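Have the viewer open while you read.

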2 protein chains.
Amino acid sequence: MNATLHNDRLLRALLRQPVDATPVWLMRQAGRYLPEYRAARARAGSFMALCQTPEWACEVTLQPLARFPLDAAILFSDILTVPDAMGLGLTFSDGEGPQFARPLRSAADIARLAVPDPEAALRYVMDAVRLIRRELAGRVPLIGFAGSPWTLATYMVEGGSSKDYHRIKGLLYDQPGLLHRLLEVTAQAVTLYLNAQIAAGAQAVMIFDTWGGILTPRAYREFSLRYMAQIVAGLTREAENRAVPVILFTKGGGAWLEAIAATGCDAVGVDWTVDLGEVRRRIGTQVALQGNLDPAVLYAAPERIREQVAQVLADFGTGPGHVFNLGHGVQPGVDPERVGTLVAAVHELSASQPPHGDA
Amino acid sequence: MNATLHNDRLLRALLRQPVDATPVWLMRQAGRYLPEYRAARARAGSFMALCQTPEWACEVTLQPLARFPLDAAILFSDILTVPDAMGLGLTFSDGEGPQFARPLRSAADIARLAVPDPEAALRYVMDAVRLIRRELAGRVPLIGFAGSPWTLATYMVEGGSSKDYHRIKGLLYDQPGLLHRLLEVTAQAVTLYLNAQIAAGAQAVMIFDTWGGILTPRAYREFSLRYMAQIVAGLTREAENRAVPVILFTKGGGAWLEAIAATGCDAVGVDWTVDLGEVRRRIGTQVALQGNLDPAVLYAAPERIREQVAQVLADFGTGPGHVFNLGHGVQPGVDPERVGTLVAAVHELSASQPPHGDA
């Protein structure tokens, strides 16, 4: 593997080192808002085929980089590949979202869960990581990712998306010991999975805790944060003679950012419901921050997008440690040109020396 | 109207006066989890018929009080009756949620909005309030309610429920002046509507800001909180020689409770993602707090429900100013017996003198 990295802004910012301009990448930067993505998905036949075929996953990962000067690629995959590898049988139906053929319905279902070997059951992900690294050829770093144990458990127990989280919350309040067993085995699986991604070439990793925000503060600490901290402690933090930064992101976790920052991660993802300046005042300089533009700003006119980008940059203020991102993924209805406006605005407005001398 | 009120725990707690036991009522205490509600809805033919027929609205309002020793009734209605009265044409389709026949799609649509006379266009609500007060005969107080201007505007602009709030966020970022005009007329409509409810007999009122939590902190202050504060300033605060307390509730607004408390309201609703003890440390004693049990606790076993009720009571701590509630509405799948467990636990565990000497 070639360790030369031509654009290291992302890795530097995640480690709170100075950069010439704020790095930017977007959650779901490869996705349905891009016509070339929709075409690839149609040709691949299904969302799972995109994920499970390294050539498709690589092609889709690189699509947004061909359009926009993004500072990172993120592996195209899904957080639910891990429970799928644990035997739950994942499918995606159009409009219905993810579905498990064998959701966890009993203590016996949970007792029989085992930690999958990522180079076997999830070999297709590692092959995709290796292929993407080869194709990137050091242009920008590649981010690997996984779901948090709590977030994965919600899907594994509910069987898919849920409106009221009836089953998982029932488990949490009635049988917390059983839920801990599920979270423990899932945390081990995620740790191995992320370390395998790092060994295959992921240069930073991010843990998505999409559903941590539906918990009480007490339950968040006990059932979500604790297992993310355990994963952070078990990760390979250096590869190719370079630090591999870890980003934690709990959507709706604005009240708990101090605790998230204290896990030992390098950076904390922040949704748009908190002000980055206030977050810095609260948690100081121990971690970098990633975020936090309202994803809906991408529906606005270009001039408004530039204003809102400027606002987020001003909220963060000066000093190192900011990775620009949305507070959540790019929405499918967004015009790709607006993403281009955003990326250009971040670089131009944050550059200590304007890149082309004309800003 | 008979001003005798046999159980004034709710009003006393909202005004931070001492009570013999913590009052409890539940958002959506009249609703689909009750078989008698489902039967009434089937007989009425539609959700709108329940809302628009004072006898039905009264019957459904009183249903949970026949089962549980709740400390308040809340008017059975829907926040979207106000935009309906403004001419948008509301219907509810099963499983699809609310739909407006004439959503706001242009500046002209917004320009032509007028403030409806609540005793004309919303007469059915006032008649329901008068009938419920008569039927309650002073047993417990009746709470009136309305949606916040921001929350109403999201439905008026989107045309119904939304996944990504594309249209309303587009309006917010691209045409804030137009959105302010919409919020201004809606705030005036809500003020008149709540004052009419108070004149008809509502003894406390609550403003539901269901979608304030999807905003950035800046946008929340400008587009949601500001208009709720304007309504609070315009409300009749005394009727029948008694104070009429005002409760504000922004779901997902945990980060902004200080600002909500500073509007001049009497009480702040708190969802389950914040700890009531921490909230008290943050905002002091200027307002009462209403909340904040995780609604999913009602899926747990009775002993667990009692434990979680005890936890919320302990989080709040001693002193006046707590109205027990869920952090959001009762979910349709809940067993009514569990609601009975909750109500009994609140009274028993909070009573300064156990009501039957056996606790």
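1. Let's start with a histidine: which side chain does the side chain of H347(A) make a polar contact with? Keep in mind that the model is a predicted one. The partner is R9(A), with the two side chains 3.3 Å apart at the polar contact. H347(A) belongs to helix α16 of chain A, residues 336-350. At 10% relative accessibility H347(A) counts as buried, the cut-off being under 20%. Beyond its neighbours within four places in sequence, H347(A) is in contact with R9(A), A21(A), T22(A), V24(A), P69(A) and D71(A).

2. Now the arginine at position 9 in the other chain. R9(B) and D20(B) meet through their side chains in a salt bridge, 2.8 Å from N to O. The partners are 11 residues apart, with R9(B) in helix α1 of chain B and D20(B) in the loop between α1 and α2. R9(B) is buried, at a relative accessible area of 17%, while D20(B) is partly exposed at 43%.

3. Two further salt bridges in chain B deserve a look. R133(B) pairs with E240(B), and their closest N and O atoms are 2.8 Å apart. Since R133(B) sits in helix α8 and E240(B) in the loop between β6 (238-239) and β7 (242-243), this pair ties together parts that are 107 residues apart in sequence. R133(B) counts as buried at 8% relative accessibility, whereas E240(B), at 30%, is partly exposed. The other pair is R237(B) with D266(B), at 3.0 Å from N to O. Here R237(B) is in the loop between α12 and β6, and D266(B) is in the loop between α13 and β9, 29 residues apart. R237(B) is partly exposed, with a relative accessible area of 29%, and D266(B) counts as buried at 18%. Over in chain A, E119(A), R123(A), D127(A) and R130(A) are joined into one network by salt bridges that share partners. Over all chains, the search finds 35 salt bridges.

4. On to the interface itself. Across the interface the rule finds 6 salt bridges, and the count of residue pairs in polar contact is 12.

5. Helix α14 of chain B (residues 276-283) has a clear inward side. Its buried residues are L276(B), G277(B), V279(B) and I283(B). These residues lie on the same side of α14(B) because they cover an arc of only 160° around the axis. They pack against α13 (257-261), β9 (267-270), β10, α15 (302-316) and β11 (322-326) of chain B. D275(B) caps the N-terminal end, with a side-chain oxygen 2.7 Å from the backbone nitrogen of G277(B). Just after the helix, G284(B) takes a positive phi of about 70°.

6. Finally, some backbone geometry to check. Most residues other than glycine have a negative phi, and most peptide bonds are trans. R16(B), though not a glycine, has a positive phi of about 65°; R16(B) is in the loop between α1 (9-14) and α2 (35-44) and is partly exposed at 25% relative accessibility. A137(B) has a positive phi of about 50°, in the loop between α8 (123-136) and β4 (142-147). A cis peptide bond joins G291(A) and N292(A), with omega about -10°, and N292(A) is in strand β10 (residues 288-293) of chain A. In chain B, G291(B) and N292(B) are likewise joined by a cis peptide bond.

Note on methods:
Residues are numbered from 1 along each chain as its sequence is written. Chains are lettered from A and ligands numbered from 1 in the order in which they are written. This is a predicted model: local features need pLDDT of at least 70, side-chain atom pairs count only at pLDDT 80 or more; totals for chains, interfaces and linings use all residues. Side-chain values use heavy atoms; hydrogens and water are left out. Helices (H or I, at least four residues) and strands (E, at least two) are DSSP runs, numbered from the N terminus. Buried means under 20% relative accessible area, exposed over 50%, partly exposed in between (1.4 Å probe, protein chains only). The arc is that of the directions from the helix axis to the C-beta atoms. Contact means heavy atoms within 4.5 Å. A polar contact is a pair of N or O atoms within 3.5 Å; within protein, one must be able to donate a hydrogen and the other to accept it, and residues adjacent in sequence count only if both atoms are side-chain atoms. A salt bridge is a side-chain nitrogen of Lys or Arg within 4 Å of a carboxyl oxygen of Asp or Glu.
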